[in-house]
Amino acid sequence: MQRKNFTEVTEFIFLGFSIFGKHQITLFVVFLAIYILTLTGNVVIVTIIHVDRHLHTPMYFFLSMLASSETVYTLVSVPRMLSGLLFHNQPISLAGCATQMFFFVILATNNCFLLTAMGYDRYVAICNPLRYTVLVSKGVCVMFVCGSFGTGLVMAVLHVAAMFSLSFCGTVMINYGVSSFVILVPVGLIFISYVFIISTILKIASAEGRKKAFATCASHLTVVIVHYGCASIAYLKPKSENSIEKDLLLSVTYTIITPLLNPVVYSLRNKEVKDALCRAVGKKHFSTD
């Protein structure tokens with residue numbers, strides 16, 4: 001019998017941003033500031049949706065779930081990344097790497113399909129408003145949330161099992177398969193939703209009516225474009241040894257910048273959230289006085 005040599009891997013060396021040399025401290029300060037803003041913004045979004053009854057609607061239920069998921073998502077990946085900027089060549093155990101990857105894939109997939117659920121909500125609200133309470137009932141919302149998390153769980157099991165059991169070529173195939181499914185399926189569904197949405201908006205007689213209808217989708221559409229744009233470039237673009245720094249920066253953009261996008265976009269562009277924040281701040285001042 002022919003015997004094959006295998007090398008058992010027990011830990012990895014976390015290189016992090018060592019290729020950026022003297023800029024690591026600057027990157028640490030910038031990323032830490034963004035991280036704190038992301039956590040603060042998403043916590044504020046979740047809290048304001050919970051306490052303000054005007055935001056107790058399916059759209060904001062999905063937004064609160066997305067903000068919660070984004071918060072945990074950053075907690076899973078960013079602290080270790082920040083420590084890697086301060087301490088070079090950090091080791092990470094095989095079990096630790098698998099655990100971090102498992103939760104990263106669950107939450108990243110969950111975020112993608114929650115954005116799809118929000119697209120469905122906008123489709124029903126604009127294209128079939130008379131049946132909105134039936135088609136986007138509380139039970140349907142819970143089903144979407146559970147389905148998003150369940151899909152993330154399945155993708156995480158497949159991805160992690162493949163990464164730590166298959167050969168390199170098999171791992172690459174599974175990696176692209178999971179990434180393609182998680183990105184292309186939600187993008188396809190959202191695209192179909194917006195084809196119907198735009199078609200319906202264009203049929204509205206008044207310009208004011210068209211503007212008002214589109215305004216209800218603007219925040220979601222902005223988040224979708226940036227989120228899937230960064231994800232597609234970071235995970236579907238072929239990797240090259242000549243573009244290691246670019247690939248790393250794209251991954252960081254997806255990991256750190258996109259979670260910050262939700263509170264920024266929904267706070268600055270969304271009138272209902274801005275009004276809720278004003279009401280909350282007004283009540284606080286009133287109680288203080």
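Start with α7, which gives the second largest pocket five of its lining residues, the largest share of that lining. Keep in mind that you're looking at a predicted model. The notes below go through that pocket, then the aromatic pairs, then a histidine in a loop.

**The second largest pocket**

- This pocket has a volume of about 380 Å³, and 14 residues line it.
- Closest to the pocket centre, you'll find Ala-215, Thr-216, Asn-270, Lys-271 and Glu-272.
- Three helices each put at least two residues into the lining: α2 (58-86), α7 (207-235) and α9 (271-288).
- What's the lining like by class?

**Aromatic pairs**

- How many aromatic pairs does the structure hold? There are eight.
- One of them joins Phe-102 and Phe-103: the ring centres sit 5.5 Å apart with the planes at 85°, and because an angle over 60 degrees counts as edge-to-face, that's what this pair is.
- Phe-102 has a relative accessibility of 22%, so it counts as partly exposed.
- Why does the Phe-113 and Phe-181 pair tie together parts that are 68 residues apart in sequence? Because Phe-113 lies in helix α3 (residues 94-127), while Phe-181 lies in helix α6 (residues 168-202).
- Is Phe-113 buried or exposed? At 13% relative accessibility it's buried, because the cut-off for that is under 20%.
- Phe-181, on the other hand, has a relative accessible area of 33%, so it's partly exposed.
- There's also a cluster to look for: ring pairs link Phe-61, Phe-62, Tyr-120, Tyr-123, Phe-144 and Phe-196.

**His-23 in its loop**

- Where is His-23? Look in the loop between β1 (11-14) and α1 (24-51).
- His-23 has a relative accessible area of 45%, so it's partly exposed.
- Along the chain, His-23 and Leu-85 are 62 residues apart, yet 9.3 Å separates their C-alpha atoms.

Notes:
Residues are numbered from 1 along each chain as its sequence is written. This is a predicted model: local features need pLDDT of at least 70, side-chain atom pairs count only at pLDDT 80 or more; totals for chains, interfaces and linings use all residues. Side-chain values use heavy atoms; hydrogens and water are left out. Helices (H or I, at least four residues) and strands (E, at least two) are DSSP runs, numbered from the N terminus. Buried means under 20% relative accessible area, exposed over 50%, partly exposed in between (1.4 Å probe, protein chains only). Rings of Phe, Tyr and Trp (its six-membered ring) pair if their centres lie within 6.5 Å; planes under 30 degrees apart count as stacked, over 60 as edge-to-face and the rest as tilted. On a 1 Å grid over the protein atoms alone, a cavity is a set of points where a 1.4 Å probe fits but cannot get out, and a pocket is an open set with protein on both sides within 12 Å along at least five of seven lines; lining residues have an atom within 4 Å of a point. Grid points are joined across faces, edges and corners, and a volume is the space filled by probe spheres set on the points.
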